[in-house]
Structure formats: structure tokens, C-alpha cells
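Here are my notes on the model you sent over. Have the structure open while you go through them.

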Amino acid sequence: MKKKKPGELLPASNVLQSVLGNGKSALSDQFLRWKIWRMWSQIVGPTLGKFCEPVGYERGRLIIWVKSSARMQEIRFFEATLKDKVNQHVGRDWVTHIRFTLDRRGVPQPGSVSENFNRFLDET
């Protein structure tokens, strides 16, 4: 986002990006989780990204869906690494705990949002 010159009005999208990207509300947490989901394989690597996805976030706890119970057992060894990678991507200690689940209902679907919203997410 470019810096505002004195007297210059900012587009509403820039203001919204700032509020959602830097806020500490439940809405900004879910916005951040959505962005993490979109970049998940880049954040955790393609191997882990194939069999797990973030499905929720609640008061410092990132909820990650895992493809199978066998994979869930395996991924527990990477819990600290996952937490560190997400926090590094976010730029702060956003995740304090990770909970794994086999329930996939919370995983966003790629075609579930408009292209305009996807561009908005890419800009923040």
C-alpha cells in the first residue's frame, strides 16, 4: 500500500485492507486465516500442503484439517514448525496453539468467492 500524501484521500479498499490486515478483531483474524489458506502450500511447503489445510482460528489457536488419522499422527511432529512458519508469514505471534481435526467443513473452496475479492486478498 502506498503512503498517503497530506490532503490525499485513500481508496476505501486501502482503508479496509489496513483495518482487516492489522486489526485484532475476530473479523480480521478470519480475514488473515483466509489469506493463509490461499497461500498455505507456499507457507508450509508443498509436501505438508497436500494433506492439511487451515479451517479455523480462535483466540490464538489455529485449527488445521488433516487428510487422514495416519497423517494426523505424522503431522504432530511438525506442529512447532507449522506454528513458526505461519507466525513468520504473518509477522507476529498470531498462532500460540495448533489443533488438528479430520473435519473438513471449514475449509474454504476455491470458487466460493468472486475474482474481485481474490484480487483484494492478493493486494493485502
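1. Start at the turn. Arginine 59 takes a positive phi near 45° in the hairpin of S1 and S2, which has two residues between the strands. For the labels, helices (H or I, at least four residues) and strands (E, at least two) are DSSP runs, numbered from the N terminus. Keep in mind that this is a predicted model, where local features need pLDDT of at least 70 and side-chain atom pairs count only at pLDDT 80 or more, while totals for chains, interfaces and linings use all residues. Residues are numbered from 1 along each chain as its sequence is written, and side-chain values use heavy atoms, with hydrogens and water left out.

2. Now the strands on either side of that turn. S1 and S2 pair in the antiparallel sense over six bridges; two strands count as paired if DSSP finds at least two bridges between them. Across this pairing, glutamate 53 stands opposite tryptophan 65 in S2.

3. What is the sense of the pairing between S2 and S3? These two run parallel, over five bridges. Isoleucine 63 stands opposite arginine 99 in S3, and isoleucine 64 stands opposite phenylalanine 100 in S3.

4. Put together, this is an open sheet of three strands in the order S1-S2-S3, with mixed pairing. S1 and S3 are the edge strands, each pairing on one side only. Neighbouring strands are turned by 30° against each other on average, direction ignored (axes are lines fitted to C-alpha atoms, for helices over the stretch in contact, and angles run from 0 to 180 degrees between N-to-C directions). S2 is mostly covered, with five of its six residues buried; buried means under 20% relative accessible area, exposed over 50%, partly exposed in between (1.4 Å probe, protein chains only).

5. H6 lies across S2 and S3 and runs at about 115° to S3. The length checks out: at 1.5 Å a residue its twelve residues should span 16 Å, and the end C-alpha atoms are 17 Å apart, which agrees. (That expected span is 1.5 Å times one less than the number of residues.)

6. Which residues of H6 are buried? They are Leu82, Val86, Asn87 and Val90. Seen down the axis of H6, these fall within an arc of 125°, so they line one face of the helix; the arc is that of the directions from the helix axis to the C-beta atoms. On the other side of H6, Ala80 and Gln88 are exposed. Just after H6, glycine 91 takes a positive phi of about 90°.

7. The largest nonpolar core has 21 residues, and Trp40, Ile64, Leu82, Val86 and Trp94 have the most contacts inside it. Such a core is a set of buried Ala, Val, Leu, Ile, Met, Phe, Trp, Tyr and Cys residues joined through side-chain atoms within 4.5 Å. Among the elements giving it two or more residues are helix H2 (26–38), strand S2 (61–66) and helix H6 (79–90).

8. Leucine 82 is worth a click. Leaving aside neighbours within four places in sequence, leucine 82 is in contact (heavy atoms within 4.5 Å) with Trp40, Val44, Leu48, Ile64, Ile75, Ile98 and Phe100.

9. Last, leucine 48, found in helix H4 (residues 46–49). At 11% relative accessibility, leucine 48 counts as buried. Leucine 48 and phenylalanine 78 are 30 residues apart in sequence and 9.2 Å apart in space, C-alpha to C-alpha.
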